[in-house]
Amino acid sequence: MSEKNIPYKTYLTEDEMPRAWYNLRADMKVKPAPLLNPGTGAPMKAAELENVFCKELVRQELDDETAYFEIPQEIRDFYKMYRPSPLVRAYCLEEKLKTPAKIYYKFEGSNTSGSHKLNSAIAQAYYAKQQGLAGVTTETGAGQWGTALSMACAYLGLDCRVYMVKCSYEQKPFRREVMKVYGANVTPSPSETTQVGKKILAEFPGTTGSLGCAISEAVEAASSREGYRYVLGSVLNQVLLHQSVIGLEAKAALDKYGVKPDIVIGCAGGGSNLGGLIAPFMGEKLRGEADYRIVAVEPASCPSLTRGKFAYDFCDTGRVCPLSKMYTLGSSFIPSADHAGGLRFHGMSATLSQLYHDGYMEAVSVKQTDVFEAAEEFARVEGILPAPESGHAILAAMNEAKKCTEAGEEKVILFGLTGTGYFDLVAYEKFHNGEMVNFVPTDEDIERSLAQLPRV
Ligand SMILES: *Cc1c(COP(=O)(O)O)cnc(C)c1O
């Protein structure tokens with residue numbers, strides 16, 4: 001399927017599930033910049049990437065032209081267990097806010113892993129299996145991605161090795177045990193099982209680890225073991241591609257009721273749920289067929305779009321991964337121990353970064369205590385206990401609805417509710433006890449890490 005400009009409806013099944021993922025890059029006039037080899041500065045070749053990633057996923061990663069990728073039947077069968085995900089009109093929230101705005105949210109927390117990450121986990125595990133691999137390795141911070149990948153691997157009978165940041169492994173036992181329920185091998189990182197882990201432990205005995213360090217271990221574990229590849233749950237083009245099911249379903253449902261959103265809002269960590277939710281809407285915007293306001297919401301503690309620089313940078317703290325051109329705070333930027341673990345990434349998807357740079361979307365940053373206040377207000381009227389990450393989108397949607405009240409405008413707002421917060425109750429506890437602080441980096445903090453950007 002290489003044709004461009006085909007209405008996405010062509011790709012819906014009878015039960016209104018997408019038959020194909022939509023690749024937003026196909027409609028971008030200015031494509032996202034290529035990944036670069038950090039050693040040579042040359043664009044990464046497929047063969048180089050295939051040493052680390054699955055072959056078909058590399059093909060998807062590098063393809064800026066094909067608009068639709070057919071979803072294999074086995075993945076569609078898996079999606080059927082929890083999709084289409086609910087698109088809900090937030091009547092009770094509208095009532096509470098006394099707003100003339102119509103608010104809709106797409107809820108991705110109705111599967112056991114509790115977030116949208118399963119949409120890409122099953123796709124990545126499927127292609128690993130198809131390639132005849134024995135297993136995959138990955139890192140996880142708070143554990144949402146590791147949980148989703150474990151579920152997908154259990155379904156397909158694939159070995160799953162997760163390097164979990166040591167402080168999360170010790171302090172957040174719940175997701176760790178869910179991963180083990182699904183048969184994953186979970187190792188606290190840094191560990192003695194890799195060279196890079198041993199080196200870090202020798203240098204910093206007693207360290208509780210970091211995401212960057214866990215990535216380095218997971219990459220080494222994949223490349224040093226026959227029949228394994230490394231998989232990543234956000235940031236990459238392939239992940240945005242898989243997450244387009246969120247937006248395609250949302251658009252199909254809204255179209256059915258003749259509703260056109262004015263504003264589409266999502267939280268942004270690495271950019272995968274937002275990239276997926278906005279995909280078909282942004283596609284129309286890029287082709288000049290319709291206009292939408294598109295808003296990324298990030299934490300004030302890790303504001304890559306609103307305060308970062310558009311430049312080539314490493315995707316990991318260990319500086320082993322390829323360079324990506326993106327909005328970044330610098331790979332040495334250490335965000336504060338914010339409770340929205342899924343939003344603590346120093347960079348942003350190259351696709352969303354390019355779209356933001358070219359003026360196709362907006363970004364706002366919000367403070368943590370305001371996020372929890374909004375999340376709680378939402379829980380009380382709509383019933384769902386939101387993940388702290390999702391709370392960012394809720395807050396921004398509520399702020400837009402309040403503006404509509406003031407202006408007497410009847411706008412339609414669509415936002416992504418990415419997951420549930422059952423495993424984040426320690427964060428809610430801190431909020432209730434008044435122990436939550438709003439850390440916002442100073443300009444000097446950001447300048448210091450930006451000064452270490454690689455020269456390209
Ligand atoms: C991981 C995660 C996010 C942020 O990741 P993106 O790649 O930016 O979508 C948001 N919400 C939840 C619930 C998550 O688990």
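## Helix α11

Of the 20 residues of α11, 17 are buried, so the helix is largely enclosed by the rest of the structure; here buried means under 20% relative accessible area, exposed means over 50%, and partly exposed covers what lies in between, with a 1.4 Å probe and protein chains only. The model is a predicted one, in which local features need pLDDT of at least 70 and side-chain atom pairs count only at pLDDT 80 or more, while totals for chains, interfaces and linings use all residues. Residues are numbered from 1 along each chain as its sequence is written, and side-chain values use heavy atoms, with hydrogens and water left out.

Helix α11 runs over residues 237-256 and reaches 29 Å from its first C-alpha to its last, which is close to the 28 Å expected at 1.5 Å a residue; the expected span is 1.5 Å times one less than the number of residues. Helices (H or I, at least four residues) and strands (E, at least two) are DSSP runs, numbered from the N terminus. Just after α11, glycine 258 takes a positive phi of about 65°.

The side chain of glutamate 249 makes a polar contact, at 2.8 Å, with the side chain of arginine 83. A polar contact is a pair of N or O atoms within 3.5 Å; within protein, one must be able to donate a hydrogen and the other to accept it, and residues adjacent in sequence count only if both atoms are side-chain atoms.

## Surroundings of the ligand

There are 18 residues around the ligand, of which Lys117, Ser234, Gly269, Ser272 and Asn273 come nearest; a residue is near a molecule or strand if one of its heavy atoms lies within 4 Å of it. The shell divides into 4 nonpolar, 12 polar and 2 charged residues, where Ala, Val, Leu, Ile, Met, Phe, Trp, Tyr, Cys and Pro count as nonpolar, Asp, Glu, Lys and Arg as charged, and the others, Gly among them, as polar.

Oxygen atoms of the ligand take part in several polar pairs. For asparagine 273, a polar side-chain atom lies 2.7 Å from a ligand oxygen. The protein covers 98% of the 390 Å² of accessible area that the ligand has on its own, with accessible areas taken from the Shrake-Rupley method with a 1.4 Å probe and, for residues, only the protein chains shown counting as cover.

Most residues other than glycine have a negative phi, and most peptide bonds are trans. Arginine 83 and proline 84 are joined by a cis peptide bond with omega of about -5°, and proline 84 lies in the loop between α3 (73-79) and β3 (87-89). The peptide bond from serine 189 to proline 190 is also cis, with omega near 5°, and proline 190 belongs to the loop between β7 (185-189) and α9 (195-203).

Lysine 98, although not a glycine, has a positive phi of about 50°; this lysine lies in the loop between α4 (91-97) and β4 (102-107) and is exposed, with a relative accessible area of 61%. Valine 235 has a positive phi near 65° and sits in the loop between β8 (228-230) and α11, where valine 235 counts as buried at 12% relative accessibility.

## Buried positions in other helices

Helix α16 (residues 388-407) contains glycine 391, which is buried with a relative accessible area of 0%. Leucine 395 is also found in helix α16 and, at 10% relative accessibility, counts as buried.

Glutamine 60 lies in helix α2 (residues 55-62) and is buried, with a relative accessible area of 0%. Glutamine 60 and asparagine 23 are 37 residues apart in sequence and 9.0 Å apart in space, C-alpha to C-alpha.
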